[in-house]
Amino acid sequence: MRLEPIANPSAARRLGLPALALVATLGVAMALALVAGANPFAVLGQIATGALGSKLAVLETLNRATPLIFTGLAVAVAFRAKLWNIGAEAQLYAGAIVAVVLGTGALGSPLVLPVSALAAMLAGAVLLLGPVLLKTRLGVDEVVTTLLLNFIMLLFVSYLLEGPMKDPLGMGWPKSPALIPEARLPRIVEGLRLHWGFALAILAAVIVWVIQTRTTLGFEIRAVGQNPEAARFAGMPVNAVLVKTALLSGGLAALAGWSEVAGLKGHLSSDLSPGFGYTGIIVAMLALLHPLGVVVTAIFVAGIFVGSGAMSRAAGVPTYIADMLMATALLFMVLAILLTRVRVVRG
Amino acid sequence: MSEIVDILISASFWAAVIRIASPLILATMGELICERAGVLNLGIEGIMVIGAFTGWMAVYQGMPLWGGVAVAMAAGMLFGLLHSTLTVPFGLSQHVVGLGVTLFATASASFAYRLMLPEVTSPPKIEPFQPLDIPVLSDLPWLGEALFSQTALTWAAFAVAGLVAFTLYRTPLGLAVRAVGENPAAVEAQGLSVTGLRIGAVMVGSGLMAVGGAFLTLSAFSSFFFEMVNGRGWICVALVVFGAWKPGKAVLGAILFAAFDALQIRLQQTELGAVLPYQLFLALPFILSILALILMSRRAEVPAALMVPYNKGER
């Protein structure tokens, strides 16, 4: 077989194939439910109800989507420049650490929230800067270095929580002291369990979209991602663009951890993120790397996770079905995106 | 210092080094085969999890230990087929597909584990591979304990490394695999199938990664738990670079690595361990991997066509 580019793919092809990828994922979900001995339609229904069936469920889904919007944006920004940042998990924790360091009394109102948000972004950006400089200066593959940094960061968090950052009132649990009230993100509507982190995440998506479509940097990021040699030939400072992309990406990922601590949890523990950094890759790919699309896919992915939790308690299908579906959706989607641009011919 | 010397001259330390190196050697050989054929396989971490799970589950269900190894290998090859189908004929991003395969394989293992053992709180144990008693050699003072009291799977790991080196450098098949990672168009011109060679290499490589994972359940720990691979796959990706894509150097790298790992475990018990946080010791393998990548970055021995998809008729 051979791949042949399609000059002008039709709208049906550009939208139909990604939609087909989602339908195929649904098919896999039903097959997995059957394997687990449950009624496939009931399982799908329970996932949907669990994610969106009540006010409480919707709020839970939106809360879960908040860190995924940030990590999804971080990945989307980086992948657009073909900068493979797989370290969003570590950058998330960097942001979370800053939220605790500055939010437990070091700063008071009204400075603490804006300062700690900016400092968190800086910490995440610096954390990604290392691997990117290694890439641009020495040609070290950033996938492996960012992956390895995730493990180092988790151990560092574990050290902090058992040592210098341990809550003396934590009854021996490895968690940080609680943030002061001034350092907490308030709820958007009093009485509803949804914090301002969600609104900030949407704002971040809009800002990233503006950067990508309305600024020189956005143009340069796209050019570098499409063809670095051509971009360099055209006189673009490719390495500088990669560094700027990294600062933006690392900063966004750090906000995920910052908003989880400041908005939802109020303290840091080593189970703050059940892999939000890795799930961000799926969120970004499903959104075809479009920043506004990330908001939609993050809510969708969060809904699958929240709904699967509820479904699992009722139908007895393991919650890991959500992880399987997300990975399946990712693989189907990358194939579907390719097939919008090329057709398979014999020979 | 004298404590470190005491550790380094103890036979049990070297026995541990070889034991820790075994799964790394198997998985590193697997990754090396893939990369020599031009395909970066980031499915490695998940494929090791699948190998650890399927091998252990097969034995738990009553298969013999070698049957478990075979099941793990077959499962690994299946995921290798998935990876290579997407990355070779379709030429999709090896980064994205590799991570997708890792996520899919890891989730599959967790899902199947919960499905097959819904009630258990601590995973059941199996009877693992036992150290082989080799006449004369195992009874040698020091050397007997240090080198000759390993399980059959460890011997298999070293045998596989030898076989991979022999095949790559001394057989027409090995020449074809290396060529397809350097200049696929030339291989096609010889009438060989680039697609076939690459898919085959990724499948065999993934099979070896899975056996590396199975080593953890069938020889090292005797039961399966979710976090057991714990980044070993990524370390193996770094070891391939450290070994400059050569099997012999990669094995030496794995042993060096295992030595540091065995050392850090023992140093935790010394005065040093009382002063420094244990997390620093645990982070050492990951820090070393990054240092190894930096150290080797100037070497230009990367297979020329690594991560470059090949599409017939495109020049």
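Is the crossing of α2(B) and α7(B) left-handed or right-handed? It is left-handed, and the legends below, which all refer to a predicted model, begin with that pair of helices.

**View 1. Helices α2 and α7 of chain B pack side by side.** Helix α2, residues 11-36 of chain B, and helix α7, residues 152-170 of chain B, pack at an angle of about 25°, and their axes are 9 Å apart. Because angles under 35 degrees count as roughly parallel, α2(B) is described as roughly parallel to α7(B). From α2(B) the contact takes B:Ile18, B:Arg19, B:Ser22, B:Ile25, B:Leu26, B:Met29, B:Ile33 and B:Arg36, and these meet B:Leu153, B:Thr154, B:Ala157, B:Phe158, B:Val160, B:Ala161, B:Val164 and B:Leu168 in α7(B). Sorted by class, the residues of this contact of α2(B) with α7(B) are 12 nonpolar, 2 polar and 2 charged.

**View 2. Helices α11 and α12 of chain B cross.** The axes of α11(B) and of helix α12, residues 247-267 of chain B, come within 8 Å and cross at roughly 130°. That angle makes α11(B) oblique to α12(B), and the crossing of the two is right-handed. On one side of the contact stand B:Ile235, B:Leu239, B:Val240 and B:Phe242 of α11(B), which meet B:Ala250, B:Gly253, B:Ala254 and B:Phe257 of α12(B). The residues of the contact of α11(B) with α12(B) comprise 7 nonpolar, 1 polar and no charged.

View 3. B:Ser222 is found in the loop between α10 (194-221) and α11 of chain B, and although B:Ser222 is not a glycine, its phi is positive, at about 70°. B:Asn230 is found in the loop between α10 and α11 of chain B as well, and B:Asn230, likewise a residue other than glycine, has a positive phi near 45°. B:Ser222 counts as partly exposed because it has 17 C-beta neighbours inside 10 Å, and B:Asn230 is partly exposed, with 17 other C-beta atoms within 10 Å.

**View 4. Chains A and B meet.** The contact draws 37 residues from chain A and 38 residues from chain B. On the side of chain B that touches chain A, the elements giving two or more residues are α5, α11 (232-242) and α14 (278-295) of chain B. Of these, α5(B) gives the most, with 13 residues. By class, the residues on this side of chain B divide into 24 nonpolar, 12 polar and 2 charged.

**View 5. Helix α13 of chain A passes helix α5 of chain B.** The axes of α13 (residues 321-341) of chain A and α5 (residues 94-116) of chain B come within 8 Å and cross at roughly 155°. That makes α13(A) roughly antiparallel to α5(B), and α13(A) passes α5(B) in a left-handed crossing. In α13(A), A:Ile321, A:Asp323, A:Met324, A:Ala327, A:Thr328, A:Leu330, A:Leu331 and A:Val334 meet residues of α5(B) that include B:Val96, B:Gly100, B:Leu103, B:Phe104 and B:Phe111. The residues of the contact of α13(A) with α5(B) fall into 12 nonpolar, 4 polar and 1 charged.

**View 6. Helix α12 of chain A is followed by a glycine.** Helix α12, residues 291-315 of chain A, has 25 residues and reaches 35 Å from its first C-alpha to its last, close to the 36 Å expected at 1.5 Å a residue. A:Gly316 follows α12(A), and the phi of A:Gly316 is positive, near 75°.

**View 7. A:Glu220 lies in helix α8 of chain A.** This helix is made of residues 216-226, and A:Glu220 counts as buried because it has 21 C-beta neighbours inside 10 Å. With residues up to four places away in sequence not counted, A:Glu220 touches A:Met236 and A:Val241. A:Glu220 and A:Leu242 are 22 residues apart in sequence, and their C-alpha atoms are 9.4 Å apart in space.

**View 8. B:Tyr60 lies in helix α3 of chain B.** The helix covers residues 44-60, and B:Tyr60 counts as partly exposed, with 18 C-beta neighbours inside 10 Å. Leaving aside neighbours within four places in sequence, B:Tyr60 is in contact with B:Pro124 and B:Ile126. B:Lys312 is 252 residues from B:Tyr60 along the chain, and the C-alpha atoms of the two are separated by 46 Å.

Conventions: Residues numbered from 1 in each chain as written. Chains lettered and ligands numbered in written order. Predicted model: local features only at pLDDT ≥ 70, side-chain atom pairs only at ≥ 80, totals over all residues. Axes fitted to C-alpha atoms, helices over the stretch in contact; angles between N-to-C directions. Helix = DSSP H or I, 4+ residues; strand = E, 2+ residues; numbered from the N terminus. Parallel < 35°, antiparallel > 145°, perpendicular 65-115°, else oblique. Left-handed = near helix turned anticlockwise from the far one by under 90°. Contact = placed C-beta atoms within 7 Å. Nonpolar A, V, L, I, M, F, W, Y, C, P; charged D, E, K, R; others polar. Expected span 1.5 Å × (residues − 1). Buried ≥ 20, exposed ≤ 12 C-beta atoms within 10 Å, placed from the backbone.
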